[in-house]
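Subject: Structure handover

Hi,

Here is the structure I promised to pass on to you. Please have a look at it first, and my notes follow below.

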Amino acid sequence: LLLFVASVFLYYSVWTLLLPFLVDSSPVHAWFPSREWAIRIPTLLVILGLSSIALFLGARIVGDMKSEKQRRLPRSIGSQ
């Protein structure tokens with residue numbers, strides 16, 4: 001896993017930091033997608049990650065509220 005992450009980091013670093021300094025006719029440009037995707041891909045990943053966290057927290061809050069409501073219901077019926 002560490003090797004995979006390091007290779008992705010190296011690939012992205014070369015793509016974003018070194019590629020703009022190379023001549024457009026360089027064969028290295030064929031190894032990478034368009035530079036606009038260097039911004040789009042991380043942006044989409046951040047949006048996906050934040051959405052996942054928000055959905056998890058929302059589901060957790062709703063579940064906690066339902067369980068709290070169920071715990072309070074029997075107490076109020078039994079005390080009457």
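H29 counts as buried because its relative accessibility is 19%, where buried means under 20% relative accessible area, exposed over 50% and partly exposed in between (1.4 Å probe, protein chains only). H29 lies in the loop between α1 (2–18) and α2. Helices here are DSSP runs of H or I with at least four residues, numbered from the N terminus. Apart from neighbours within four places in sequence, H29 is in contact with L19, L22, V23 and D24, contact being heavy atoms within 4.5 Å.

A word on the source: this is a predicted model, in which local features need pLDDT of at least 70 and side-chain atom pairs count only at pLDDT 80 or more, while totals for chains, interfaces and linings use all residues. Residues are numbered from 1 along each chain as its sequence is written, and side-chain values use heavy atoms, with hydrogens and water left out.

Now the aromatic rings. Rings of Phe, Tyr and Trp (its six-membered ring) pair if their centres lie within 6.5 Å; planes under 30 degrees apart count as stacked, over 60 as edge-to-face and the rest as tilted. By this rule there are three aromatic pairs. One of them joins Y11 and W15, a tilted pair at 6.1 Å centre to centre with 50° between the planes. Both residues lie in helix α1, four residues apart, which is about one turn of the helix. Y11 is partly exposed at 38% relative accessible area, whereas W15 is buried at 4%. The rings of Y11 and F32 also pair: their centres are 4.8 Å apart and their planes are at 35°, so this pair is tilted. Since Y11 lies in helix α1 and F32 in the loop between α1 and α2, the pair ties together parts that are 21 residues apart in sequence. F32 is buried, with 10% relative accessibility. Ring pairs link Y11, Y12, W15 and F32 into a cluster.

On to the charges. A salt bridge is a side-chain nitrogen of Lys or Arg within 4 Å of a carboxyl oxygen of Asp or Glu, and the count comes to three:

- E36 and R40 meet at 3.5 Å, N to O; E36 is partly exposed at 43%, and so is R40 at 41%.
- R60 and D64 have their closest N and O atoms 3.8 Å apart. They are four residues apart in helix α2, so about one helical turn separates them. R60 is exposed at 51%, while D64 is partly exposed at 41%.
- R71 and E68 meet at 3.4 Å, N to O. They are three residues apart in helix α2, again about one helical turn. R71 is partly exposed at 48%, as is E68 at 31%.

Last, the surface. V46, L50, I53, F56, L57, I61 and M65 make a nonpolar patch of about 740 Å². I61 is found in helix α2 (residues 37–78). Patches are made of residues with over 30% relative accessible area and no salt bridge, with like charges joined within 9 Å and nonpolar side chains (Val, Leu, Ile, Met, Phe, Trp, Tyr) within 5 Å. The areas come from the Shrake-Rupley method with a 1.4 Å probe; for residues, only the protein chains shown count as cover.

Best wishes

Technical notes:
Helices (H or I, at least four residues) and strands (E, at least two) are DSSP runs, numbered from the N terminus.
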